[in-house]
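Okay, everyone, let's get going.

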Amino acid sequence: MLYTLSKAQYNDETLSLLNYVNDNDAVILWQDGVLQAVKNPQFFANLPRCYLLEKDVIARGLQPLLSEFHTISLSEFVKLSEVYYPQIEV
């Protein structure tokens, strides 16, 4: 399954759904969702496959704060969406 997060604001209850992510899943933070890696790193730091869309990280000037996260290009996002499905927007 592919979980995508695109919003800057999520409550803890919604983010707790990430506790069910397993080794067969991937999580992508994009658009304003990349802010979640700064605001709530405890939900994302230990996920087996958590990616941030690079262009959104750069657009928000977050590169220095998110160096420990794996960033991906838009074409890599598309490839991941082919591998991990269905896609769920959290």
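Let's start with Q31: at 36% relative accessibility, Q31 counts as partly exposed. For the cut-offs, buried is under 20% relative accessible area, exposed is over 50%, and partly exposed is in between, with a 1.4 Å probe and protein chains only.

Quick note on where this comes from: it's a predicted model, where local features need pLDDT of at least 70, side-chain atom pairs count only at pLDDT 80 or more, and totals for chains, interfaces and linings use all residues. Residues are numbered from 1 along each chain as its sequence is written, and side-chain values use heavy atoms, with hydrogens and water left out.

Back to Q31, which sits in the loop between β2 and α2. Helices here are DSSP runs of H or I with at least four residues, strands are runs of E with at least two, and both are numbered from the N terminus. Q31 isn't a glycine, yet its phi is positive, about 50°. Most residues other than glycine have a negative phi.

Now, how many aromatic pairs does the structure hold? One. The ring centres of W30 and F77 are 5.3 Å apart with the planes at 75°, so that's edge-to-face. Rings of Phe, Tyr and Trp (its six-membered ring) pair if their centres lie within 6.5 Å; planes under 30 degrees apart are stacked, over 60 edge-to-face, the rest tilted. W30 is in the β2–α2 loop and F77 in helix α5, so the pair ties together parts 47 residues apart in sequence. W30 is partly exposed at 23%, while F77 is buried at 8%.

Last one: Y85 and P86 are joined by a cis peptide bond, omega about 0°. P86 is in the loop between α5 and β5.
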